[in-house]
Amino acid sequence: MLYSIVIPCYNSSHTIRTVVETTLPIMAEMGKVPCEFILVNDCSPDGGATMAELEALSRDYSCVTAIGLAKNAGQQNATMAGLNAARGDVIISMDDDMQTHPSQLPLLFEEFDKGESDVVYAYYPDKHHKKYRNLGSQFTSFTVRILIGKPKTLKTSSFWIMKKFVRDYLIEYKSQYTYLQGLILRTTRKISSVPVKHFDRAYGKSNYTMKKLIQLWSNIMGYSIVPLRFVSWMGVAFSLIGLIAAVIVLIHKLLVPSTAVGWASLMCMISFFSGLIMLSLGLIGEYIGRMFLSQSNNPQFVMREVHEGTSERKMTDDIERAKHAVNADTSEGSGRD
């Protein structure tokens, strides 16, 4: 059985080697070998430093495949690029910053090896993110429950394990508006989650800006027609309210002929319903626009280059090399202390 570890990389030249060299011995200790690493550089704006490090890893380790995207596609689409290249029977997704720490993999595999789940997510009881990101995650989780029907007890992250058949279905999706959680929920409901420790970033700061988070959240719309149904329900509700109000006004006018019609209230109603109409048209336009772009066959990602590991080297050599690298880093750290 082959295990594929997919890692989207963005400005990760200082951390990705540590991720690979820490993960490989842990996979070997669990007996989850042979394994492969699919490292996808999402066109990092660091002067080629990240791609250079990925190429170096592919030269140093036979189990590493480095992929460079021609343009920035976003974490979700970069992960899809890795899933398309993965050959494993079991696929693991991790981040490039050591926050999804390799030491937590045994917790995920303990649940996955029970055989009851097609996908196992890690979640963080204590997140080391900024407050706005934690609030955004809570809002997104609520939205996904409403729009896609995610179970209330299911907690998710970018750290997960899945079976090959789930991956095979995911890569059939070709639109650029990728939302992996939505695709996974379309595929199976045999999903579980386990709590793991959330570590601090090993270097730098998060690459997710508020704009990118909003763009990611907007992708959820492509997996549900609930907003359109909500607009329809709102239209029916306000139509009934307007009809009832008109009847009340008519009756009141018949009973009290001297009642004056309010110009201000009329203007308020016109403004309110004009806004409602514009909101409805905006939602419909969003769907139509995405349908148009999807039909235009805009790619999820464009691979510029692929570097595969040296085939002459054996998996056991990779494991020993990684163990030596981790021990060397530990010794250097102790010397500095």
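Helix H7 (residues 180-187) lies across strands E5, E6 and E7, running at about 145° to E5, where contact means heavy atoms within 4.5 Å, and where axes are lines fitted to C-alpha atoms, for helices over the stretch in contact, with angles from 0 to 180 degrees between N-to-C directions. Helices (H or I, at least four residues) and strands (E, at least two) are DSSP runs numbered from the N terminus. The model is predicted, with local features requiring pLDDT of at least 70 and side-chain atom pairs counted only at pLDDT 80 or more, whereas totals for chains, interfaces and linings use all residues. Residues are numbered from 1 along each chain as its sequence is written, and side-chain values use heavy atoms, with hydrogens and water left out.

The strands E5, E6 and E7 belong to an open sheet of eight strands, ordered E7-E5-E6-E4-E1-E2-E3-E8 with mixed pairing, two strands being paired if DSSP finds at least two bridges between them. Its edges are formed by E7 (191-195) and E8 (303-308), each of which pairs on one side only. Helix H4 (residues 105-112) lies across E1, E4, E5, E6 and E7, at about 35° to E6.

The largest nonpolar core comprises 38 residues, and those with the most contacts inside it include Ile7, Leu39 and Phe109; such a core is a set of buried Ala, Val, Leu, Ile, Met, Phe, Trp, Tyr and Cys residues joined through side-chain atoms within 4.5 Å, buried meaning under 20% relative accessible area (1.4 Å probe, protein chains only). Helix H1 (residues 16-29) gives the most to this core, with five residues.

Notes
Buried means under 20% relative accessible area, exposed over 50%, partly exposed in between (1.4 Å probe, protein chains only).
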